[in-house]
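Colleague: I would like to learn how to read a few features of a protein model, one at a time. Could you take me through them slowly?

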Amino acid sequence: HSTLPRPLVLHPAHFFRPLDFPSVPLHWLSGPIDITFLRRFLSAELSELECRRIGFREQTGRKELIERTVLEVAGTVLACKLAVRYGVAANV
């Protein structure tokens with residue numbers, strides 16, 4: 001039983017499910033990132049220097065890492081859009 005004056009989430013319908021990896025719009029990711037670099041990242045075609053520069057090193061080409069990175073950014077963008085719409089949102 002919670003000691004909060006009211007529940008933090010009033011109804012399960014107030015949860016939003018993030019997009020699946022293939023459904024994330026490219027423009028959500030491209031903003032300040034060069035589109036050519038982004039496409040090369042998504043297709044695991046970065047040079048060794050670029051991989052070191054972004055901190056992923058030899059892991060950059062792993063499908064799981066690429067998907068996780070895209071979903072993290074998409075979750076943040078979705079939370080921002082929901083915060084504008086509803087006044088508050090979080091990406092956990």
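Modeller: Leaving aside its neighbours within four places in sequence, Thr-69 is in contact with Phe-41 and Phe-56, where contact means heavy atoms within 4.5 Å. This is a predicted model, in which local features need pLDDT of at least 70, side-chain atom pairs count only at pLDDT 80 or more, and totals for chains, interfaces and linings use all residues. Residues are numbered from 1 along each chain as its sequence is written, and side-chain values use heavy atoms, with hydrogens and water left out.

Colleague: Is Thr-69 buried or exposed?

Modeller: Buried means under 20% relative accessible area, exposed means over 50%, and partly exposed lies in between, with a 1.4 Å probe and protein chains only. Thr-69, at 17%, is buried, and it lies in helix α4, residues 63–86, a helix being a DSSP run of H or I with at least four residues, numbered from the N terminus.

Colleague: How many disulfides are there?

Modeller: A disulfide is a pair of cysteine sulfur atoms within 2.5 Å, and by this rule the count is zero. Cys-51 is buried at 10% relative accessibility, whereas Cys-80 is partly exposed at 45%.

Note on methods
Helix = DSSP H or I, 4+ residues; strand = E, 2+ residues; numbered from the N terminus.
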